[in-house]
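Please open the model in the viewer and display the backbone together with the side chains. The stops below are arranged so that each selection leads to the next.

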Amino acid sequence: MPAPPTSKTFGERIAEALVEDGLLTAEQVEELVAQQKKEGTRLVKLLVEKNAVSETDLVVCMGRVLNRQPVNLSRLNVSLEVAGLVPRELVLNHKVLPVARLEGKLFLAMADPLNVLALDDVKRITRLEVVPMIASERAILERLSHLETASHAGSMEEIIQESQKQAELEAEADTIQLAGVSAEEVSVDELAASTEEAPVIKLANLILVQAIKDRASDVHVEPFERTVRLRYRIDGALVDYPPPPKNLHLSLLSRLKIMSNLDIAERRLPQDGRMRMRVAGKEVDLRVSFLPTVHGEKCVLRVLDKSNLSAALNLLGMDDETFRRFKAAVDAPHGLMLVTGPTGSGKTTTLYSALNELNSPEYNIITVEDPVEFQVPGINQVPVRKDIGLTFANALRSILRQDPDIVMIGEIRDRETAEIAVEAALTGHQVLSTMHCNDAAGAIARLDEMGIAPFLIASSVILSCAQRLVRRICPACKEQQRYPEGMFQDLGIEPRQFAGVALYKGRGCDRCRNTGYAGRAAIIEAMAITDDIRKLIIERRSAMDIGQTAMAQGMKILREVALDKVRQGITTLEQVLVVTQKT
């Protein structure tokens, strides 16, 4: 008599559904199941940790398997009272969030709707019947962050009201200055005490948590004669936010200095520091910079969110040919790999994605950076400190005596650093670095300009990339768009190239703050150094000649890559005009 069929686990049913939808291959599922058995973890959790599929796809698939409709938390009005029914520790531990209470029932958004322990804990604490709903872990944490901002940070209006009494004393400032005391001579003890006052703490928390919630990459606090301007850089564009009171500016900056372990008494010289904060169970590092101006210090905070790092190269969104060239350079045993582009174009993120691919116990990986942006387990990271003479070049000399296999240099800025990088690549090391150039071929000309001999460049460089970031169309308000023929002429392309292709644009909604864009995508041109290009380098031919040869050999330039993103419905023609240039 045949044995009865074994019942499949929930994870296996999810995996099968993902294979049916074409989001996973059978081979990937086999690897994940083997790893699940080895590590003793749950398959659904492993799918998220390994970025095998997006959280959105996983939630939709879970809903189909369980015959339940996923919930969109961004469109639900979750009250603080309902969210507070479950303790924060339990919410973070089980990745759940109460969204509504109705007639003795508690509707609970869950990243794992089959988590019996979570259901029992919530039922025991609330004494309500729990109705599980499916949502992604990221959506739950983002919603929790939004609720914490509303409940703990306080509104800007409240902070202004609390500081009105202090503002009334500003009229006395002129009298004090006439007595021979300058505005710079504020007592350090008084300043330190003011940073512990409730309005200042609330203001600092509000600014930082709002930055995380709105996915800002930078926060600018800028003083002027009578006002302070607060701006966030979101998806590459600076956006004005309600400004903090002028009379709290000095205390606010002192509070941020204390959080960054900097000297609050020093306001005449630039200072740089770091801080780490935890928002909705996620650790975020911030790089802090203070710069003295005529009206006081300007502060810029760079948000370094590790979740922005891709776990695999295939998540960078490269086309097949560009990915093949990039992967071949990453897998090469030695050579110099360069990623070029302006500040804020995602070069460091791309290099870290390559390092994540290479990060293995069998390799000794060392980086030298100014500063270290992301701290990665398993990689030795060295911060540059010019004040004590630890420059890129000095650090690199020591690194090469540390028996490295792979070296990452934050940026090649001068001849000395370039010489050591080339020498390391020629002596059997894999070297990854960035440069400030406009295109892939320009990196070759830049090295020549620094005084590196052409034959050394030709022998060491194996790949040169150029990178930019384009803004993604907001998926919540994405709609089809018709463009006039003049737009195609501005791009230097024939309209018939887009004949029959549906083009899209964001209408603007609350989710994207009426911009039509949400998030950014990388566009990368990759120039592999072939024998023909090596000959041109040795002959000291121009960057234009080298670029044309690379294009003849199949390299896609930035504009072509960006136009592919338009055809795929990822970005708009306007973004192509803004980010790339005609060739």
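Select Asp 403 first: with a relative accessibility of 62%, Asp 403 is classed as exposed (buried means under 20% relative accessible area, exposed over 50%, partly exposed in between, using a 1.4 Å probe and protein chains only). Asp 403 sits in the loop that links H17 to strand E13 (406-409); helices (H or I, at least four residues) and strands (E, at least two) are DSSP runs numbered from the N terminus. Although not a glycine, Asp 403 has a positive phi of about 55 degrees. Most residues other than glycine have a negative phi.

The model is predicted, so local features need pLDDT of at least 70 and side-chain atom pairs count only at pLDDT 80 or more, whereas totals for chains, interfaces and linings use all residues. Residues are numbered from 1 along each chain as its sequence is written, and side-chain values use heavy atoms, with hydrogens and water left out.

**Glu 411**

Beyond residues up to four places away in sequence, Glu 411 touches Phe 392, Thr 417, Ser 433, Thr 434 and His 436, where contact means heavy atoms within 4.5 Å. Show the side chains of Glu 411 and His 436, which are joined by a polar contact of 3.3 Å. A polar contact is a pair of N or O atoms within 3.5 Å; within protein, one must be able to donate a hydrogen and the other to accept it, and residues adjacent in sequence count only if both atoms are side-chain atoms. Val 368 lies 43 residues from Glu 411 along the chain, and their C-alpha atoms are 8.8 Å apart.

**The H17 and H18 pair**

Select helix H17 (residues 392-399) and H18: their axes come within 8 Å and cross at roughly 20 degrees. The crossing therefore counts as roughly parallel (angles under 35 degrees; over 145 is roughly antiparallel, 65 to 115 roughly perpendicular and the rest oblique). Axes here are lines fitted to C-alpha atoms, for helices over the stretch in contact, and angles run from 0 to 180 degrees between N-to-C directions.

Which residues of H17 and H18 meet? Phe 392, Ala 393, Leu 396 and Arg 397 of H17 meet Glu 416, Thr 417 and Ile 420 of H18. By class, the residues of this contact are 4 nonpolar, 1 polar and 2 charged (Ala, Val, Leu, Ile, Met, Phe, Trp, Tyr, Cys and Pro count as nonpolar, Asp, Glu, Lys and Arg as charged, and the others, Gly among them, as polar).

**His 429**

Is His 429 buried or exposed? At 13% relative accessibility, His 429 is buried. A polar atom of its side chain lies 3.0 Å from the backbone oxygen of Ala 424. Outside four places in sequence, the contacts of His 429 include Pro 333, His 334, Gly 335 and Leu 400.

**Two further stops**

Select helix H14 (residues 249-259), where 8 of the 11 residues are buried, so the helix is largely enclosed by the rest of the structure. Among the buried residues are His 249, Arg 255 and Lys 257. Just after H14, Asn 261 adopts a positive phi of about 60 degrees.

Finish at Arg 127, in the loop between helix H7 (116-126) and strand E3 (129-134). Arg 127 is exposed, with a relative accessible area of 73%, and has a positive phi of about 60 degrees without being a glycine.
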